[in-house]
Amino acid sequence: MTAAITMTRSDILGRPSFWKVSELGIRQFEHGYPPELLDTILAKALRLRATAAKTNLNLRYLRDAHHHIPEVAQLMHDPVRLARLSELAGVPLEPYPVDFLGSMITFMGPEDGTVDWHGDSVPVTELVALSADEVAGGELAIYRGELDEGLARLASEGEVPDDRVVRVTHRVGHSIFGQLMGVLHRTTPMTSGTRVTLNLNLRSAAQPHIDDQRLSHLAAESPDFDWLDPYVSDVRRRQLPSLRATSASAQEDRDA
């Protein structure tokens with residue numbers, strides 16, 4: 001399936017789910033971001049490509065792109081963008097606060113690697129194709145079913161049934177926007193061409209505790225642990241109060 005697409009989270013998982021920011025599943029839409037802004041981001045990204053590296057992901061990418069390219073930070077925090085994405089998600093969204101995970105630029109081609117099957121740790125992601133030149137492959141592939149079920153199939157059979165996979169082709173001028181937390185997905189191998197993609201991560205502003213982030217994942221991505229104090233501060237000041245408020249509200253509903 002390669003056309004523009006809209007699916008709910010229940011459509012993807014095949015059941016209702018509790019741990020979610022909303023019913024957002026996956027959407028592809030024309031974003032309308034200023035072409036000159038995206039062209040500037042692309043030009044600066046290409047100049048930085050030599051510094052992009054592969055770490056625990058089999059992919060060439062530039063972490064915390066908003067620190068290297070000011071225009072990425074401009075887009076990340078643009079209030080019009082955030083309002084539009086919040087409307088599409090059905091809940092207020094904010095940029096993901098773990099700084100080095102807030103933004104990423106990926107460079108894809110036959111020699112650059114790809115992302116294998118996994119479920120995201122961050123709640124919500126926007127993927128903005130900055131360029132796509134003579135691309136074959138490289139689609140976003142989403143497994144329709146339970147994450148653990150799909151992983152079990154991969155472990156025992158080496159693949160998942162093709163008829164359970166939805167494929168979305170990245171298109172310049174369009175965003176792929178989704179809640180891929182707990183959803184099995186990958187990028188299919190690219191057999192020819194190149195693509196540069198800007199990844200911008202978000203979370204619920206009202207319920208920031210809804211997250212699948214693990215300390216081991218953070219450490220694998222950034223073993224210097226510079227993120228630890230800000231992360232703990234966010235847990236204390238935002239996530240814990242949010243969790244307590246949600247629990248108290250649920251108890252009030254049960255009592256009523």
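# Close-up views of a predicted model

**View 1. Serine 175 and glutamate 126 meet through their side chains.** A polar contact of 2.7 Å joins the side chains of serine 175 and glutamate 126. (A polar contact is a pair of N or O atoms within 3.5 Å; within protein, one must be able to donate a hydrogen and the other to accept it, and residues adjacent in sequence count only if both atoms are side-chain atoms.) Before we go on: this is a predicted model, where local features need pLDDT of at least 70 and side-chain atom pairs count only at pLDDT 80 or more, while totals for chains, interfaces and linings use all residues. Residues are numbered from 1 along each chain as its sequence is written, and side-chain values use heavy atoms, with hydrogens and water left out. Serine 175 sits in strand β9, residues 174–178. (Helices, H or I with at least four residues, and strands, E with at least two, are DSSP runs numbered from the N terminus.) Serine 175 counts as buried because its relative accessibility is 0%. (Buried means under 20% relative accessible area, exposed over 50%, and partly exposed in between, with a 1.4 Å probe and protein chains only.) Skip the neighbours within four places in sequence, and serine 175 is in contact with residues including Arg27, Phe29, Tyr33 and Val128. (Contact means heavy atoms within 4.5 Å.)

View 2. In α5, residues 79–89, the buried residues are Arg81, Leu82, Leu85, Ser86 and Ala89. They cover an arc of only 130 degrees around the axis, so they end up on the same side of α5. (The arc is that of the directions from the helix axis to the C-beta atoms.) Here's a handy bit of background: an α-helix has 3.6 residues a turn, so residues three or four places apart point the same way. Over on the other side of α5, you'll find Pro79, Val80 and Glu87 exposed. What do the buried residues of α5 pack against? Their partners are β2 (24–30), α4 (70–76), β4 (93–95), β6, β9 and β11.

View 3. Aspartate 78 caps the N-terminal end, with a side-chain oxygen 3.2 Å from the backbone nitrogen of valine 80. After α5 comes glycine 90, which has a positive phi near 85 degrees.

**View 4. Serine 86 reaches the backbone of leucine 93.** Serine 86 belongs to helix α5, and with a relative accessible area of 14% it is buried. A polar atom of its side chain lies 2.9 Å from the backbone nitrogen of leucine 93. Not counting residues up to four places away in sequence, serine 86 touches Val91, Pro92 and Leu93.

**View 5. Tyrosine 96 is buried in a loop.** You'll find tyrosine 96 in the loop between β4 and β5, and it counts as buried because its relative accessibility is 3%. Which side chain does the side chain of tyrosine 96 join in a polar contact of 2.6 Å? That partner is aspartate 211. Leaving out residues up to four places away in sequence, tyrosine 96 also touches Leu101, Val122, Asn201 and Gln213, among others. Tyrosine 96 and proline 208 are 112 residues apart along the chain, yet their C-alpha atoms are separated by 9.2 Å.

**View 6. Look into the largest pocket.** About 520 Å³ of space lies in this pocket. Of the 27 residues that line it, the closest to its centre are Met104, His118, Asp120, His185 and Asn199. (On a 1 Å grid over the protein atoms alone, a pocket is an open set of points where a 1.4 Å probe fits, with protein on both sides within 12 Å along at least five of seven lines; lining residues have an atom within 4 Å of a point. Grid points are joined across faces, edges and corners, and a volume is the space filled by probe spheres set on the points.) Which element gives the most to the lining? That is β11, with four residues. By class, the lining has 10 nonpolar, 13 polar and four charged residues. (Ala, Val, Leu, Ile, Met, Phe, Trp, Tyr, Cys and Pro count as nonpolar, Asp, Glu, Lys and Arg as charged, and the others, Gly among them, as polar.)

Definitions and conventions:
Grid points are joined across faces, edges and corners, and a volume is the space filled by probe spheres set on the points.
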